[in-house]
Amino acid sequence: MAESLVRELEQAAQIVLAPPNVVTAEQRQAAENVFLTFRKSSMPYSLCRHILETCNNDYVLFQAASTIKEAVVREWTLLQPNDVESLRTYLLHYVTQNMSLQSYVREQILQAVAVIFKRGTVDERYTDREALFSDVTQLISSGDNSMQLVACSILTALLNEYSSTARSSNVGLPWEFHCKCKLAFEQTDLKKVFLFSLRVLQEMEKIPSPLTREVTAVFNRFLAITEQVLCWEFLPKHIPKRLAGSFLGNQNVSFRPPPSWRDVVLDKGLIQMLARIHQKVRYNSEMAHHSLMCLSQLASVNGQIFPDKESKTAFLSNYIETFLHMITSTQLQDYEALGIANIINHIMFYPTSVLVSLPKDMLVAFLQSLAKLTCDFCQAAAQEDRMQKDDTLFLEAFEKTMTAWTSLLNDSKELPDSLLQGHATEIFNTYLRCHLSPPDGTRSNITDGSQADIEGYDEIDEADRTKFKDQLCCIGLFGRHIPQHTLPLLSRLLEDRITRLHGQLQRIQQNVTMSPGVNDAQHADTVVLDSINEDLHWLLLITEGETPMIPADIMEYSISQVRNVDIDTTLKVLASPGNRLCDIPDSHQVTDPVVRLVSSVFRLCEVEKRAMEANLTCHISPEISSSLVRTFGKDTDGGQWTVSYLVDKILSNLVGWSSESKVLEDTLELLLSLVDKKDRMLCKALVLTGSSSFEKGNREEYWQLNVDSNRGPDGQLRLSLSANKPPGSTSIPELTTSDLSSDPGARLLWEVLHSLHDHYKSIIHQPNFAKCVTDVALRKQVISLLECLCGIAEGSRVDNVTILFQFLHPTMVDSVIVLDVLHTYEEVVQLVLELFNSSLTNRLYEVCLSMIQTYSKHNTGREFVSKDIEEEQYQDILTLLQLLTNTLSKDFIDFGEKDGSAGCVSAADVVLYGLNIVVPLMTDELLKFPALCNSYMCLLTYMAEIYPEKVCQLPEHLLKTVLASEEMGLAHYSGDIVKLSLEFLTSIASHIHQNSMFDCMVYTSMAHFLENMVRSLTEKQSDPVIRQRLIDAFFILTDGIQMHVDRQNRIKFTMKFDDFLVNVRGFLCIK
């Protein structure tokens, strides 16, 4: 029988491993079932021994080892300790006697040994745990490299199994068992494994170089074991509730051994030995990675292992001394950069008070080395970026070292001023040089400056502002630490590049006038211009910082320079963006340094504006224009002029950059940040800037200007603020209502809205509108106007809702006509729904109900039979769901005027009517779309919270459909959907209990529903012990709690429920 089974397994293995074109899917599945059946065999140990000793098929051997591993765990209570120990000894002996085994087979057998060892950890019958470690000791001391590799595999398997993460085997045991095993291993065996590896490394370090291939393999494995121990995530004394039942490991864990490890970890010789080992293996990239990880994790050691501050200082002093010797004794290899940066980052985990307590000479030397490494990494990272390398080791290393500096600079008050300023200056200057062209910098241009290169780069890479956000935040911190150096330097560099840009644009304009065709001179000019634009781009990124405002450090520096500043000259510099700084007498000496920097940015705006007026927009970088409008924040003493200038710049961008969506987006964000301020000076500046354009005779001209500047390449307006369109439209109502108490502001708003309303009305009410549904041009006009209306509705606020309502109400009535006529065009339906979704007030409920009735007329009975239809085709249903949800929110939190007229339509009427339409449409296939499912469940949950009585009064067929949806949400969807479903059930159950609705149909449905839910949880447990523990946990959960929905009982239940979760996770979460 055994021989026939071996033959069957070998044949099945051939089929499983055969190429897809040789066997059929049915044959492969049948072969896989053979192995699945074999692995479920009862007491298969003798059979598996026979297979291991007689079979030569590696895949069958692997399956035999897997079967032993699973069977031991499954049948543990049936096995005697002697049988288990005999099986473990046999497996280990088998591996040592068959060294020609494939590595994956050997590792699986040794993993079975580790699982057997782990399974006996908390079993009192198994008291002899030293036998395995004795075997490991014999293998290591044998002197045979092959045997030593087997010992490495055993130790690695033990660490993997006891880690209780993704590395451990899935053996079907609860989380609490894994947790107990891990805790026991940490207390008794983990330190043994660490000492094993350290003793071997100490012996290996004495072997003279060069190392043989076999010795290198053993050396590398023991380095990896040491690294794994130093990366061990020790169980805390009190496990947080969020970790209960979780098998996910932390990727960035620090080394927190218990106090019993002090004799090993705090020994000075440990750090020095690991440093010597790294010096020995540093030219082997794989081994160097392991050795640096060991040193890095040792640098992160913290916790109770330090009895006092003195021991921590002594450890850190020894570590830094060894580290400095290691990095200065020889030149670093490229692949060492990230490991060195990790070490530095971990050293900076120590409080600044500990660093200050180090010997002064050592701290000075460490900071000098850190500054040098940071500058070297910066230069190498810049080179990586220019070469567009896929491997960005130096970039990661540079960002990690910058993070280390950040912690120092944030606590700079605890350090002497002179200790950091020199290093901050050096690093800031290096960063500037790496991103500027010669002679001020070292940046080289990889491309030839052609437009194709630039466009290709923009399409592939994300914006520098986003890509290098962390770098820019850190370098800004450096700059704020030394403002006396950075402000004049940035001002000078900006002024120089702006002057060169201005001159280069004039040269290009002259060349175009004299010789219109493309020639070598024009190409050379373009290359130079690209270099200047790149310099300006980086100077602006560094100048603007991480927030669009002047930091407190810079303001303090500006205040400290007040004695050296002349206010009149400073204001003259600020208000003269068309002049060079040298044209204003004494400007270099008596201008406020902050204002000088800001004025440089204004001058760049002026140069850009004049270039656009001269039709030279193609020679200006859109990245620079985008950075310019992101640089400005709140106005200061020159606010009136500054705001007016910025508004002028915004209008210039809207016209000149109409084809650059990113520039328009940033420009409109600046506009929104301006108009969001409620001060009168701002409103006055805005009104004065645009008032001349809004005289009666110029109204249509101004409107056409705004339409043209916001028209996309397809001829459609792009003014809406919906999910699919670029932002911007809220600028119209917000711009003109920043102070509605001023007559010019209200007039400005009304002029814009009136023009839009007349245009919309003239189209909708033309006699043949219903017959023009096939007119593409007319349909595009309607779509464009609907986009404008959606954008204006999105800009409504408490202070402008009255005037916007007077405008929107008649347009929404007209939009119902549009929906009725153009209901077959998805984009029109979507925009009408968006318009209603953005502008709900009490008086609009009737219009909303009318619109939903029109939608219902054309969608009742709508079926979705295809499973492959894209979600975009259901966008109208999604928007309708959002409309109904927003209607509920509007009724729940309403700051508008109440309409007390009798018989008026309420929010509940609108939503209930909408539910009658939506619920039948929400099939199981539609609920598989995440956005639709989330919106649908949100609507049901809000309805249950705000109007539970309405939900309970739903027709029986509709209520059953709703409850079926909630049941599906509990069983088949993500955690967010489950949460919404439970909130729905909570609201309805609370309403039933509070109102004693025990005789109604909804009570019967809910009781049956909840009973089935609890029963399904318990009946799913095949293990009777687990099932009974779950039932007991439910009884404990409700014991001692009065079933009243009041605050006191809710709090008591919540506390007991937390304990319930921790309890059941321990035995329900299986691995």
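The model is a prediction in which local features require a pLDDT of at least 70 and side-chain atom pairs count only at pLDDT 80 or more, whereas totals for chains, interfaces and linings use all residues. Residues are numbered from 1 along each chain as its sequence is written, and side-chain values use heavy atoms, with hydrogens and water left out.

The secondary structure of the protein chain consists of 49 helices and zero strands, where helices (H or I, at least four residues) and strands (E, at least two) are DSSP runs numbered from the N terminus. Of its 1071 residues, 50% are buried; buried denotes under 20% relative accessible area, exposed over 50%, and partly exposed the range in between, with a 1.4 Å probe and protein chains only. Among contacts (heavy atoms within 4.5 Å) with a separation of 6 or more, residues 24 or more positions apart account for 75%.

Grid points are joined across faces, edges and corners, and a volume is the space filled by probe spheres set on the points. The largest pocket has a volume of about 2,400 Å³. Its lining comprises 47 residues, with L982, L1010, M1013, V1014 and F1053 nearest the centre. Helices α45 (956-972), α46 (975-994), α47 (1001-1019), α48 (1024-1038) and α49 (1047-1068) each contribute at least two lining residues, and α47 provides the largest share, 11 residues. By class, this lining contains 31 nonpolar, 11 polar and five charged residues, with Ala, Val, Leu, Ile, Met, Phe, Trp, Tyr, Cys and Pro taken as nonpolar, Asp, Glu, Lys and Arg as charged, and the others, Gly among them, as polar.

Eight cavities of 30 Å³ or more are present. The largest cavity holds about 60 Å³ of space and is lined by residues including C378, D385, H435 and W538. Two or more lining residues come from each of α18, α19 and α20 (417-435), and the largest share, four residues, from α18.

The structure holds 19 aromatic pairs, defined by ring centres of Phe, Tyr and Trp (its six-membered ring) within 6.5 Å, with planes under 30 degrees apart counted as stacked, over 60 as edge-to-face and the rest as tilted. F315 and Y319 form a tilted pair, 6.3 Å centre to centre with 40 degrees between the planes. Both lie in helix α15 (residues 309-328), four residues apart, and both are buried. The ring centres of F377 and F394 are 6.2 Å apart with planes at 50 degrees, so this pair is also tilted. F377 belongs to helix α18 (residues 360-387) and F394 to helix α19 (residues 393-410), so the pair ties together parts 17 residues apart in sequence.

How values were computed. 1 Å grid on protein atoms, 1.4 Å probe; cavity = no way out; pocket = protein on both sides within 12 Å on 5 of 7 lines; lining within 4 Å.
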